[in-house]
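Work through the exercises below with the model open. Try each task before reading its solution.

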Amino acid sequence: MRLEIQCEDRIGMVREVLDIFVPHHIDIRLIEADTKHHCIYCGFPDITFATLQQLLGELRRLEGVEDVKRVMFTPSEREHNSLYTLLEALPDGVIAVDLKGTITMATELAAQDLGVDIADLLHRPLQQFIKGVSFAKVTWDDIVNGVSKRIRIRNKALLLEMKPIFVPDEYGSANPAGSVIHLKSQARLDRQAANFKQVPDAENHLEKYFVPDVIKSAAMRSMLNRAKAFTNMVEPLLIQGEIGTGKRDLVRALFQHWQKEQVDRDSQITIRHARDITIEDIAKLDQFNGWLVIEDVEYLQADVQVSLANWLNRHPEFSTSFDCACRVVSLTTQKEPQLIAHDGLNPALYFALSSLFLYVPSLKERREDLAGLIQQTVLFYAERYVISMPKISKGALLKMSLYSWPGNLKELQNICLQTLNLNKLNTWVPENIRLPGDSGTMSLELVDGSLDKTVKQFEASLLKALYPENPSTRRLAKAVGISHSAIANKLKEYGIS
């Protein structure tokens, strides 16, 4: 049982309170004074209701006592349990020792590392469990900045990190009171690093897209310049691009860039598929603050299209920072003719949604960016899965650059992930890269009924396959047994570079 006694802060107050407990033969096991809030806390075993009523009456009649009530715990008990809960939540085992090296606190994880029940650890010398370190003979001046040691316990290597505990006295001088020890294992460190790399980025600002190696192409530079210009505008934005071009990642980056510029941390981005949006959702847009992103906008139901078009027509083009403002951003893989076809978007809605238009280029339009994208993607997965970053040979890069990438960035990420995990090598060579169509078989049908076109297609496919293995015109010419100038002309004719 705990009592909180609100009273004056004066000399003798605690003594007078304790004197009241004595005639009732109550065993006080905890006494705590909170001078800041003018409270005294008493802890003792449960007593009968009649005794408690009598005790409360006597305490309230004391001079200087304002109120007495039961509480569940004292401030120091709450602080102690909060601290212990915090320590248990840490990814490493934690032990606290006093000046003699005796354990005063330990977490379950630390007990597991030492192979002892936590009850058997407390109030015993830590040196009994960790040999080779005399915790009672530590020179405090030597460990002000902490000490790190590698130890081995139960055939397991651990990193021991020790930081001293200092308690200031009434004059402000810091006096040593013990130390805190962290026990870290290699497995836990690796797991923490893996978890850190696997979680999505909280900040993915637009500047990430301006890394020089992935914006060498004119198409990408143009798109990003338009994107940055459109970010702080309020009109609806339509983003069009093939499957897998990264439209969703781009719009998240645009939103975070806008949020940073506007200093509007209360706004939010909501991404919904068109099939999941209802008329009720449109009705709630007036109370929404942020960006509503509609994926595959062509799949909006007809009644939802009408409702959204009406909302856009009455929605103000400009709003102050004090208004709840919703911006509609639409994503689609369809081009304009397909979007406004018979079973697509209402033309009026299409033109309302496309006040601003952004086209995300495909990988076919970003050939100059491909090497940088491959390096960036492989590095990301290597860090995420704790795999050594391989070197990518010129031939491997060339083989990947000659592929058409119909699935764009998503397909590139899939191929890089598969190759990295199936070929844990220092260097990638063309044979390591398995692309669709690598079966080695080829159709023997005539192309457009022409033998000449068929032969040229076969020749182009053959040179495209051989070029990564011989990544220079001179080496390729030697491999196929024709002149350097002839092979250069053929590569130019077939667009292989």
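A crossing is left-handed if the near helix is turned anticlockwise from the far one by less than a right angle, and right-handed if clockwise. Helices are DSSP runs (H or I, at least four residues), numbered from the N terminus. The model is predicted, so local features need pLDDT of at least 70 and side-chain atom pairs pLDDT 80 or more, while totals for chains, interfaces and linings use all residues. Residues count from 1 along each chain as its sequence is written, and side-chain values use heavy atoms, without hydrogens or water.

**Exercise 1. Describe how α1 and α2 pack.**

Step 1. Two packed helices are described by the angle between their axes and the distance between the axes. Axes are lines fitted to C-alpha atoms over the stretch in contact, and angles run from 0 to 180 degrees between N-to-C directions.

Step 2. Take α1 (residues 13-21) and α2 (residues 49-60): their axes come within 10 Å and cross at roughly 150°.

Step 3. Angles under 35 degrees count as roughly parallel, over 145 as roughly antiparallel, 65 to 115 as roughly perpendicular and the rest as oblique. α1 and α2 are therefore roughly antiparallel.

Step 4. The hand: α1 passes α2 in a right-handed crossing.

Step 5. V17, I20 and F21 of α1 make the contact with L55, E58 and L59 of α2. Contact means heavy atoms within 4.5 Å.

Step 6. By class, this contact has five nonpolar residues, no polar ones and one charged. Ala, Val, Leu, Ile, Met, Phe, Trp, Tyr, Cys and Pro count as nonpolar; Asp, Glu, Lys and Arg as charged; the others, Gly among them, as polar.

**Exercise 2. Describe how α13 and α15 pack.**

Step 1. α13 (residues 370-384) packs on α15 (residues 408-422) at about 50°, with the axes 9 Å apart.

Step 2. The pair is therefore oblique. Its crossing is right-handed.

Step 3. From α13 come L370, L373, I374, T377, V378, Y381 and A382; they meet L409, L412, Q413, C416, L417 and L420 in α15. By class, 11 residues are nonpolar, two polar and none charged.

**Exercise 3. Is T377 buried or exposed, and what does T377 touch?**

Step 1. T377 sits in helix α13.

Step 2. T377 has a relative accessible area of 10%, so T377 is buried. Buried means under 20%, exposed over 50%, and partly exposed in between (1.4 Å probe, protein chains only).

Step 3. A polar atom of the T377 side chain lies 2.7 Å from the backbone oxygen of L373.

Step 4. Leaving aside residues up to four places away in sequence, T377 touches L412, Q413 and C416.

Note on methods
Helix = DSSP H or I, 4+ residues; strand = E, 2+ residues; numbered from the N terminus. Polar contact = N/O pair within 3.5 Å; in protein donor to acceptor, adjacent residues only side chain to side chain.
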